[in-house]
Amino acid sequence: ELTDGNSEHLKREHSLMKPYQGAGSAAMPLWDFQGSTMVTSQYVRLTPDERSREGSIWNRVPCFLKDWELHVHFKIHGAGKKNLHGDGLALWYTQERLTPGPVFGSKDNFHGLAIFLDTYPNDEATERVFPYISAMVNNGSLTYEHSKDGRWTELAGCSADLRNQNHDTFLAVRYSRGRLTVMTDVEDKNEWKNCIDIAGVQLPTGYFFGASAGTGDLSDNHDIISMKLFQLMVEHPVEDETVDWTKIEPSVSLLKSPKGECWALQTYNVDDPTGNFRSGPLTGWKVFLLLLCALLGIIVCAVVGAVVFQKRQERNKRFY
């Protein structure tokens, strides 16, 4: 269950809320911003509804919580009609901060976690419905491919009608005991809807939270109204106390690309939080082996059947 948003475990040093201290100035006590980002009394606008703009806002304090939950109140809106707006907004928990780049206004080949709120389909052959929310974990070796909307490096995702809404829109990101959960509240129902839920995610402590957005030939206003981080009170095994959580490499047990190829940032056995072993996806070579075994089984059965039939025929001839 996600937290109810009470202040009991709210970590103010990692939270961005109104009234924004130092609003309108070049710096805030716990947050830095750059690019086209503008801080007002009501929202932090990462990009205006103008072409070729990018902006970001980053927490100055590294987060050393093992289990946390981030609630983001945001608004993406603009004058563009269907498929004439872009590009989207990204939420980050990464080693790098304040580094501009091509991935929704921030750095590619990052270390950590990214949640993308992509509003424009760059891949014309895609079957996805946009806006589309996706998650990506990177150890610095992967590149986000814009032309394919990040499909090859996507951990999981879902469609969400989050643009140009007249009501408040929210996103929750929960990370606890290796399980990543992303939920949305964009339908004005005051309830969370599941989007992403996957175990086997390893994230270190000591990274930074941030948000960024970018526009290209198409544009939108990308606004952050609040980012609230909550500490989750979760029990860990005794052996976890000996682990240096700052040295963990961002990784995922197994990822499967839409092409059917199976690859991994790091492969290891994953236990589901329910206590059940979580098996990896059924990859192409496994399917081939299953089909081959089935074919061999059919051939063996046919040969055995033919031999048995022949012996019966020979036995019957002896009675004549």
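**Figure 1. The whole chain in overview.** A residue is called buried when its relative accessible area is under 20%, and by this cut-off 47% of the 320 residues of the chain count as buried. The model shown here is predicted, and its secondary structure comes to one helix and 18 strands. Of the contacts in the chain with a separation of 6 or more, 68% are made by residues 24 or more positions apart. The chain exposes about 16,700 Å², of which carbon and sulfur atoms supply 52%.

**Figure 2. Confidence along the chain.** The mean pLDDT of the chain is 85, and 81% of its residues reach 70 or more. Over residues 255-283, however, the pLDDT is below 50, although this stretch has 62 contacts in the model beyond near neighbours in sequence. Where pLDDT is low, the predicted coordinates should not be read in detail.

**Figure 3. Strand β8 and its two partners.** Strand β8 covers residues 132-139, and eight of its eight residues are buried. In a regular strand the side chains alternate between the two faces of the sheet. Here both faces are covered, with Tyr 132, Ser 134, Met 136 and Asn 138 on one side and Ile 133, Ala 135, Val 137 and Asn 139 on the other. Strand β7 (residues 111-118) pairs with β8 in the antiparallel sense over eight bridges, and Phe 116 stands opposite Ser 134 in β8. Strand β9 (residues 156-159) also pairs with β8 in the antiparallel sense, over four bridges, and in this pairing Ala 135 stands opposite Ala 156.

**Figure 4. Aromatic rings around Tyr 93.** The structure holds eleven aromatic pairs. In one of them, the rings of Trp 68 and Tyr 93 have their centres 5.4 Å apart and their planes at 50°, so the pair is tilted. Because Trp 68 lies in strand β5 and Tyr 93 in strand β6, this pair ties together parts that are 25 residues apart in sequence. Trp 68 is buried, with a relative accessible area of 1%, and Tyr 93 is buried with a value of 1% as well. The rings of Tyr 93 and Tyr 207 also form a tilted pair, with centres 5.5 Å apart and planes at 45°. Since Tyr 207 lies in the loop between β13 and β14, this second pair ties together parts that are 114 residues apart in sequence. Ring pairs link Trp 68, Tyr 93, Tyr 175, Tyr 207 and Phe 209 into a cluster.

**Figure 5. A charge over a ring.** The charged end of Arg 128 sits over the ring of Tyr 132, 4.2 Å from its centre, and Tyr 132 is itself one of the buried residues of β8.

Notes
Residues numbered from 1 in each chain as written. Predicted model: local features only at pLDDT ≥ 70, side-chain atom pairs only at ≥ 80, totals over all residues. Heavy atoms only, no water. Buried < 20%, exposed > 50% of the residue type's maximum accessible area, 1.4 Å probe, protein only. Helix = DSSP H or I, 4+ residues; strand = E, 2+ residues; numbered from the N terminus. Pairing = 2+ DSSP bridges. pLDDT = per-residue confidence, 0-100. Contact = heavy atoms within 4.5 Å. Areas by Shrake-Rupley, 256 points an atom, 1.4 Å probe, with all protein chains shown as cover. Phe/Tyr/Trp six-rings, centres within 6.5 Å; stacked < 30°, edge-to-face > 60°. Lys NZ or Arg CZ within 6 Å of the ring centre and 35° of its normal.
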